[in-house]
Amino acid sequence: MKILVTGAGGFLGRNVVKLLEEQGEEVVALYRPGAKNVINSKVTPVFADLTDRNFTRALPRDIDAILHLAQSALYKSFPQTSFDIFDVNVSASVDLFEFARSINAKTFLMASSGSVYSPSGNPIPESTPPKPTDFYGATKLAAEYLANPYREYLNICCLRIFTLYGP
């Protein structure tokens, strides 16, 4: 299976790419232009700016699955960087849904965020209605909603990740 992983230079993306490679999957890793933490292995690197509406032209067309793990590097700088956050979290997601549909990919996994919920000091069950209180959470929820019409064409899974951290 040939899998495209966006956000391959981030903490989650790097670890997912390594795991997929260890499992023998063929991986295309999408990095930001100028990325310094490129995985040196059998992974095929692609450099593209997700804020460029034509970034999918740089992608191979024989992809079976997409793991969309990218997020704006500027997500903490709202409101000055609202367009970058929107472009990466919403516009690039739609570009990738359409790309996946157009090449007949079968699976699309998207990293969303626990930020789609209102902050709480208690556990939040999945049945809790989303109610983002910040721009980042709102853009992640918008991408989730925009994924719904593509479920007719793709097996889509949105993961709402809370407080990702690592070693």
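**View 1. Contact between helix 2 and helix 3 in the predicted model.** Ser-82, Ile-85, Phe-86, Asn-89, Val-90, Ser-93, Val-94 and Phe-97 of helix 2 meet Phe-135, Tyr-136, Thr-139, Lys-140, Ala-142, Ala-143, Leu-146 and Ala-147 of helix 3. By residue class, this contact comprises eleven nonpolar, four polar and one charged.

**View 2. Crossing of helix 2 and helix 3.** The axes of helix 2 (residues 82-102) and helix 3 (residues 135-147) come within 9 Å and cross at roughly 15°. The two helices are therefore roughly parallel to each other, and helix 2 passes helix 3 in a right-handed crossing.

**View 3. Salt bridge between Asp-95 and Arg-53.** The closest N and O atoms of this pair are 2.8 Å apart. Asp-95 lies in helix 2, whereas Arg-53 belongs to the loop between strand 3 (44-47) and strand 4 (65-68), 42 residues apart. Asp-95 is buried, at 11% relative accessibility, while Arg-53 is exposed, at 54%.

**View 4. Salt bridge between Arg-101 and Glu-98 within helix 2.** The closest N and O atoms are 2.3 Å apart. Because Arg-101 and Glu-98 are three residues apart in helix 2, about one helical turn separates them. Arg-101 is partly exposed, at 30% relative accessibility, as is Glu-98, at 29%.

**View 5. Salt bridge between Glu-144 and Arg-160.** Here the closest N and O atoms are 2.6 Å apart. The pair links helix 3, which holds Glu-144, to strand 6 (residues 155-161), which holds Arg-160. Glu-144 is buried, with 8% relative accessibility; Arg-160 is partly exposed, with 27%.

Methods:
Residues numbered from 1 in each chain as written. Predicted model: local features only at pLDDT ≥ 70, side-chain atom pairs only at ≥ 80, totals over all residues. Heavy atoms only, no water. Axes fitted to C-alpha atoms, helices over the stretch in contact; angles between N-to-C directions. Helix = DSSP H or I, 4+ residues; strand = E, 2+ residues; numbered from the N terminus. Parallel < 35°, antiparallel > 145°, perpendicular 65-115°, else oblique. Left-handed = near helix turned anticlockwise from the far one by under 90°. Contact = heavy atoms within 4.5 Å. Nonpolar A, V, L, I, M, F, W, Y, C, P; charged D, E, K, R; others polar. Salt bridge = Lys/Arg side-chain N within 4 Å of Asp/Glu carboxyl O. Buried < 20%, exposed > 50% of the residue type's maximum accessible area, 1.4 Å probe, protein only.
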